[in-house]
Each structure stands twice: as C-alpha cells, then as structure tokens.
Amino acid sequence: MSLSINNNTAAMAALQSLNQTTADLTKTENTVSTGKSVNTASDNPAMYSIAQNMTAQISTLSGVSTGLSFSAQVLNTATTGLSSISSALQSLATTIGTNTTGVDNSTLNDAITKTLASIDSAATGAKFQGVNLLSGQTGNGTTYTSLSTAMDAQGSTFTQNGFN
C-alpha cells in the first residue's frame with residue numbers, strides 16, 4: 001500500500017492547518033505593521049467603510065486647519081500694523097490735545113511729521129509673503145483685496161474683505 005499526500009488524511013489535515021496558520025499570521029502581521037485592525041474591506045466591510053470615511057474627513061479637516069492657520073497669520077500681520085498706526089494716532093492726539101499754549105507751530109509740525117513717518121513705517125512693514133496688506137492696492141502680483149478660506153468640511157467659507 002503506497003501512501004500519497006492525496007490519500008493521507010493526516011497529512012491533508014496538517015496541510016490545511018498549516019495554511020490556516022499562515023493566513024492568520026499574515027493577517028496579524030498586517031495588523032501589527034499598519035496599526036489598523038481592519039486593513040481591507042474583506043476584514044470587516046462595515047468598519048472598513050467607516051474608517052475610509054473618517055480618513056477622508058481627517059484629510060479634509062487638515063486642509064481646513066491649514067487654511068485657517070494661514071488666514072490667522074495674514075490677519076495677525078494686518079492687525080499688528082493697524083495697532084501700530086492706531087497707537088501713533090493716539091499719541092499724536094494726546095500731544096495735540098494737551099495744553100499747547102506756548103508751543104510753537106514747528107514743534108507741533110515735527111510731532112505730526114514723526115507720527116506720519118511712524119504710520120508710513122507701520123503700513124510699509126505690514127507685509128505677508130511679499131504682499132503689503134495695508135496698501136489697499138492691487139498690482140505687483142496682488143489681484144484681490146479679500147481673503148477666503150474654508151471653515152469646515154461642509155465647505156463653509158470665511159471671507160475677510162479689504163478696501164482699496
């Protein structure tokens with residue numbers, strides 16, 4: 001009586017067990033290497049679909065976060081310049097509003113000239129990526145005077161309009 005693998009039930013059972021162990025080991029290796037318990041739709045179709053949707057939402061929200069961060073930087077730059085201008089004007093108002101009797105016009109003119117120079121400096125320095133945010137002009141690569149960015153995954157937008 002000859003023994004062949006096709007007729008040997010013990011060998012067939014061992015081969016089937018080995019194949020199952022190899023498949024389980026491959027699945028475990030994939031889980032460990034990716035950190036995901038569901039790697040493909042064949043693992044768990046419902047969970048895989050949910051995971052794909054969540055991954056897409058995370059990507060979308062990451063883009064929204066980047067856009068909002070960029071917008072915040074732009075607005076902070078403009079606000080800093082405007083705060084400097086406001087401070088200079090308040091200082092000038094205080095200087096002119098105080099008792100100016102006995103103060104000659106050249107002293108007041110010097111104060112006004114220094115304030116205007118300070119305002120020009122603040123306005124010129126309010127640049128973001130080479131664009132002067134307080135000039136109110138287009139040109140030199142600037143074609144818009146407003147800033148828009150997505151606020152959420154549904155596509156709602158935030159727009160800050162400038163004036164020229």
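How many residues does α2 have, and how far does α2 reach from its first C-alpha to its last?

**View 1. Span of helix α2 in the predicted model.** Helix α2 has 53 residues and reaches 75 Å from its first C-alpha to its last, close to the 78 Å expected at 1.5 Å a residue (1.5 Å times one less than the number of residues). Helices are DSSP runs of H or I with at least four residues, and strands are runs of E with at least two, numbered from the N terminus. Residues are numbered from 1 along each chain as its sequence is written, and side-chain values use heavy atoms, with hydrogens and water left out. In this predicted model, local features need pLDDT of at least 70 and side-chain atom pairs count only at pLDDT 80 or more, whereas totals for chains, interfaces and linings use all residues.

**View 2. Packing of α2 against α3.** Helices α2 (residues 45–97) and α3 (residues 105–125) pack at an angle of about 175°, with axes 8 Å apart. The two helices are therefore roughly antiparallel (angle over 145 degrees). Contacts (heavy atoms within 4.5 Å) involve, among others, Gly81, Ile85 and Leu92 of α2 and Ala111, Thr115 and Ala122 of α3.

View 3. Thr115 counts as buried because its relative accessibility is 9% (buried means under 20% relative accessible area, with a 1.4 Å probe and protein chains only). Leaving aside residues up to four places away in sequence, Thr115 touches Ala88, Leu89 and Leu92.

**View 4. Buried residues of α2.** Among them are Val64, Ser71, Val74, Ala88 and Leu92. Their cover includes α3, β1 (127–128) and β3 (146–150).

Terms used: Axes fitted to C-alpha atoms, helices over the stretch in contact; angles between N-to-C directions. Parallel < 35°, antiparallel > 145°, perpendicular 65-115°, else oblique. Buried < 20%, exposed > 50% of the residue type's maximum accessible area, 1.4 Å probe, protein only.
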